[in-house]
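Subject: Structure for your review

Hello,

Here is the structure you asked for.

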2 protein chains.
Amino acid sequence: MREVAIVGVGMTRWGELWEKSLRDIYVETALLAMEDAGVDRIDSMIVGCMSSGLFVGQEHLGSVLADSLGAAPVPASRVESACASGGLAVRTGFMEVASGMSDIVLVSGVEKMTDVDGGDATYALGTAADQEYECYHGITFPGLYAMMARAYMHQYGLTREELAAVAVKNHENGSKNPLAQFPMKVTIEQVIGSVMVADPLRILDCSPITDGAAAMILCPLDQAKKISKNSPVKIIGSGHATDSIAYHSREDLTYLEAVAKAAERAYKMAGGGPETIDAVEVHDCFTIAEILAIEALGLVERGKGRTAASSGLTAIGGKIPVNPSGGLKSKGHPVGATGVAQVIELTKQLRGECGDRQVKNARRALAQNMGGSGGSSIVHILEVG
Amino acid sequence: MREVAIVGVGMTRWGELWEKSLRDIYVETALLAMEDAGVDRIDSMIVGCMSSGLFVGQEHLGSVLADSLGAAPVPASRVESACASGGLAVRTGFMEVASGMSDIVLVSGVEKMTDVDGGDATYALGTAADQEYECYHGITFPGLYAMMARAYMHQYGLTREELAAVAVKNHENGSKNPLAQFPMKVTIEQVIGSVMVADPLRILDCSPITDGAAAMILCPLDQAKKISKNSPVKIIGSGHATDSIAYHSREDLTYLEAVAKAAERAYKMAGGGPETIDAVEVHDCFTIAEILAIEALGLVERGKGRTAASSGLTAIGGKIPVNPSGGLKSKGHPVGATGVAQVIELTKQLRGECGDRQVKNARRALAQNMGGSGGSSIVHILEVG
């Protein structure tokens, strides 16, 4: 298996991009990644997208985006694992380069979510849950994560304030990220006083509906110096796992088994566990998700995720910086793009390009992307090349 | 790059499977493939599916199908390239095994198309074309392929009878395939007299709406004997290419450039051109598509595809047997499953298990899968292991 490096990244500011189409936001970031890497050709394209069919009425994304980029006839694939589609794109691109099939691979994630109304967006997002056994009974994602929060509160004594501290930290970090959709800082009181969505989760516990794309260039590590002027960042671990798609089928309602399995595989491949990680991006689609993710990743003991944000442990200057980008919470969550953006943030952290939100001396970093209520998860570990 | 072998295949009869869900048809064929290979574990799953979001309101297929199969926590990915999603699944699984990431990979294709009404199915299929520049103006796939047929008739003098001969041949072959959706034989007169869909294409020129799945087991060639009792079939070439998604943007309206490029890549990898191929499955979503595909694959000269079926050249006993399975036309076309089923047919041909429709002495075979009106194409070349 060939070693694989990231040599270019591209992102624009995420948000409600009414004036732009899915094609527009894809092409913008793809060109930025190619420019950053300094490459003028690609051998292949992988696009992560959850549901362009339901959001914009367009499947066959490989063809339409290769065409829009002017890259046809390159091979172009679309991959999907709900909100972990971006992470899956990174993993698929990694395997394509590792196998020797292609040298320069453009890996992207994209989602255009605001071209449908709120009800249709809720329906589209619900297709990441078990349509027959969950959605037909009226559950939506805020409801699923609210049940997780309630179960965790019951088992470990999580308080409303501790939950809010996750949002406060991520908005604090996002305020230093010029690409974040919601860069405003928030207080514990504002989170607790915001409008109720699904008890106990309030609107400031939830990641937003977002339009956005993210792109990167992968190549074999031993060709990185020849292909790009940038210092390469190595992908040294890739783990992917599934769990029962329906939340009610899980053995333990307060543990994300797919995250734990994906992490175990990524740590094994990287040759080092959670103690080796200097910076982390996790899938905080809701505040409770960050708490459960850092426990499943082994970054804190079970039940200790509760106080990780309120104690400062996961702040940028803390022992285990989590979501320096602002996370899904503040940066936004265009579902198929999120997993790619997480890896981009960590690439920039490892290159030392993050300015006010830079994690000091970061040498090894971990990204955790998740589909649905934990039915799938993908974990990548990166290292300075 | 490790060499890759197919060691197990599974399919059931395709059709309007009202009594079964997408999960049911997936699991049935996955278990058949595992049984055929004689394996009791898999390391990873790849699922090709075009639009489960629009057809059954379910994305996150990796998770839901790993769960249904009882295979979680294995990594499970869904890939999409419209009607070439099955071919893309084969290619993605091939790269996963070739890279060394996984040893035993379950590659499937699935589509459940009859749970929506005809109008919604037409809309869903239309998302494989350019939604903004084609579908908004009222075009559907029969219309796009009708334009191809008209352009080819104009340029090369194709007659209505020659076009009908493709359907006659494929239904003749399909009558020998117990898994075909429409195994009845048809005559030239019946095709020409069938109901008009989009001039000059009539209903018997069109592949049907189908529910179906198909599955296979891949592993490294050097472990094939240890893993399975079956004689391995090697994947020796894999080519993938894109073209402009919109038909009107193509330079040549009678040539499938993406098919030609994908074939060129696959032939190069296999170390031999069209003259080395003993049996072929092509993407005959409409009769005209088979004619254009065999020309782009270099199996016949440009303009000569016209008479390939009527002259007997592409019959099972002909010089270049094309679609011995009955093709999409007779076997059915559950869009995401088709590309996998093509490779399954050729695997069985190379194993000599095809009974009445067996191509004699087949040693090397080619499968060509296509997305949309030719916006993407994937070509695989197989050989007796």
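A:Met45 stands opposite A:Ala76 in β3(A). This is a predicted model, in which local features need pLDDT of at least 70 and side-chain atom pairs count only at pLDDT 80 or more, while totals for chains, interfaces and linings use all residues. Residues are numbered from 1 along each chain as its sequence is written, and chains are lettered from A and ligands numbered from 1 in the order in which they are written.

β2(A) and β3(A) pair in the parallel sense over four bridges; strands count as paired if DSSP finds at least two bridges between them. Helices (H or I, at least four residues) and strands (E, at least two) are DSSP runs, numbered from the N terminus. β2(A) also pairs with strand β4 (residues 105-111) of chain A, again in the parallel sense, over five bridges. There, A:Ser44 has A:Val105 as its bridge partner.

Strand β2 covers residues 44-48 of chain A, and five of its five residues are buried. Buried means that 20 or more other C-beta atoms lie within 10 Å of the residue's own; exposed means 12 or fewer, partly exposed anything in between, with C-beta atoms placed from the backbone. In a regular strand the side chains alternate between the two faces of the sheet. In β2(A), A:Ser44, A:Ile46 and A:Gly48 point one way, A:Met45 and A:Val47 the other way, and all are buried.

**How the two chains meet**

Chain A can be laid on chain B with an RMSD of 0.0 Å by a turn of 180° and a shift of 0.0 Å along the axis (least-squares superposition on the C-alpha atoms of residues with pLDDT of at least 70 in both copies). That is the relation of a two-fold axis. In chain A, A:Ser99 has the C-alpha nearest the axis, at 1.9 Å.

Contact is counted when two C-beta atoms, placed from the backbone, lie within 7 Å. On that basis 50 residues of chain A are in contact with 50 residues of chain B. Among the elements of chain A that each supply at least two residues to this side are α2 (52-56), α3 (61-69), β8 (233-242) and α10 (257-270). α4(A) gives the most, with six residues. The copies meet through the same surface, because 100% of the interface residues of chain A are also interface residues in chain B.

β3 takes part here too: three bridges join β3(A) to strand β3 (residues 76-80) of chain B, and the two run antiparallel. One of the pairs is A:Glu80 with B:Arg78.

**Two helices**

Helix α7 (residues 160-174) of chain A has 15 residues and reaches 22 Å from its first C-alpha to its last. The expected span is 21 Å, taken as 1.5 Å times one less than the number of residues. Twelve of the 15 residues in α7(A) are buried, including A:Leu163, A:Val166 and A:His171. The buried residues of α7(A) pack against α6 (141-156), α8 (188-193), α11 (287-296) and α12 (327-331) of chain A.

A:Ile344 sits in helix α13 (residues 338-351) of chain A. With 29 C-beta neighbours inside 10 Å, A:Ile344 counts as buried. Leaving out residues up to four places away in sequence, A:Ile344 touches A:Val9, A:Met11, A:Ala214 and A:Met216. The C-alpha atoms of A:Ile344 and A:Ala367 are separated by 9.6 Å, and the two residues are 23 apart along the chain.

Regards
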